[in-house]
Amino acid sequence: MDLLLLPFRWVYRGLVWFANSPRTLITSYLLMIVVAGILYSHAEHKSAADSVWWAVVTASTVGYGDISPTSWQGRTLAALLISTMVLLVIPLITAHFASRLIVDDDAFEHAEQEELKADVRRLRALVEEMAARQGIDVPEPERRAPVNAPDSAAPLWERSARSNRRRRRR
């Protein structure tokens with residue numbers, strides 16, 4: 001089964017690498033435009049300038065209609081260019097820039113998390129000490145996996161809802 005999933009993992013890793021580099025995204029977009037323009041000029045016997053113009057208009061899905069393919073090769077190229085741009089490149093560019101804009105300012109830094117953990121340990125020790133003076137047994141804390149942990153018992157949709165509720169409370 002792992003052998004069957006291996007190509008999909010490679011594609012996924014490639015997409016992640018591709019999406020995380022704006023330079024790669026823009027370069028690939030420009031390369032697609034130039035390659036599609038060259039292929040279009042050969043398939044439709046148009047000038048290089050008209051072919052690149054056609055590729056830009058087609059890739060952006062504007063489709064002015066001033067230049068359109070007439071051969072099956074040109075139409076196949078147009079379908080491939082439109083599909084690739086709409087289903088892959090444009091969403092990756094949008095996702096990349098959206099991820100740069102969405103920054104969680106409330107997220108704790110690692111040092112802050114460690115400080116909070118140490119504070120909780122000190123508070124627990126104080127509570128246990130005070131309880132021991134009063135003769136009260138303090139129950140051990142329940143050990144649970146974090147809500148969003150992969151091995152959490154909660155179903156995935158509940159883990160997402162819980163973490164969203166926790167974020168909204170802050």
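This is a predicted model: local features need pLDDT of at least 70, side-chain atom pairs count only at pLDDT 80 or more; totals for chains, interfaces and linings use all residues.

User: Good to know. Which residue does Arg124 form a salt bridge with?
Analyst: Glu128 is the partner, and the closest N and O atoms of the pair are 3.2 Å apart. Glu128 is partly exposed, since its relative accessibility comes to 33%.

User: How many salt bridges does the structure hold?
Analyst: There are 4 salt bridges in the structure. Among them is the one between Glu129 and Arg133, where the closest N and O atoms sit 2.6 Å apart. Another one joins Glu114 to Lys117, with a closest N and O separation of 3.5 Å.

User: Take Glu129 and Arg133 first. What's their spacing in helix 5, and how exposed is each?
Analyst: They are 4 residues apart in helix 5, so again the separation is about one helical turn. Glu129 has 39% relative accessibility, so Glu129 is partly exposed. Arg133 reaches 63%, so Arg133 counts as exposed; the cut-off for that class is over 50%.

User: Now Glu114 and Lys117: where do they lie?
Analyst: Both are in helix 5, which covers residues 110–134, and they are 3 residues apart, about one turn of the helix. Glu114 is partly exposed, given its 31% relative accessibility. Lys117 is partly exposed as well, at 41%.

User: Nice. Let me zoom out: how many helices and strands are there?
Analyst: The chain has 6 helices and 0 strands. Following the sequence, you get the pattern α-α-α-α-α-α.

User: What share of the residues count as buried?
Analyst: That would be 21% of the chain's 170 residues.

User: How do helix 3 and helix 4 cross?
Analyst: Helix 3 spans residues 48–59, and its axis comes within 9 Å of the axis of helix 4, with a crossing angle of roughly 45°. The two are therefore oblique to each other, and their crossing is right-handed.

User: Staying with helix 4, where is Pro91, and how exposed is it?
Analyst: Pro91 is in helix 4, and its relative accessible area of 37% makes Pro91 partly exposed. Pro91 and Ala19 are 72 residues apart in sequence, yet the C-alpha to C-alpha distance between them is 9.3 Å.

User: Last topic: which residues form the nonpolar patch on the surface?
Analyst: Ile82, Val86, Leu87 and Leu88 make up that patch, and together they have about 330 Å² of accessible area. One of them, Val86, is found in helix 4, residues 72–101. Val86 is partly exposed, as its relative accessibility is 38%.

User: Great, that's what I was after. Thanks!

Technical notes: Residues are numbered from 1 along each chain as its sequence is written. Side-chain values use heavy atoms; hydrogens and water are left out. Patches are made of residues with over 30% relative accessible area and no salt bridge: like charges are joined within 9 Å, nonpolar side chains (Val, Leu, Ile, Met, Phe, Trp, Tyr) within 5 Å. Accessible areas come from the Shrake-Rupley method with a 1.4 Å probe; for residues, only the protein chains shown count as cover. A salt bridge is a side-chain nitrogen of Lys or Arg within 4 Å of a carboxyl oxygen of Asp or Glu. Buried means under 20% relative accessible area, exposed over 50%, partly exposed in between (1.4 Å probe, protein chains only). Axes are lines fitted to C-alpha atoms, for helices over the stretch in contact, and angles run from 0 to 180 degrees between N-to-C directions. Angles under 35 degrees count as roughly parallel, over 145 as roughly antiparallel, 65 to 115 as roughly perpendicular and the rest as oblique. A crossing is left-handed if the near helix is turned anticlockwise from the far one by less than a right angle, and right-handed if clockwise.
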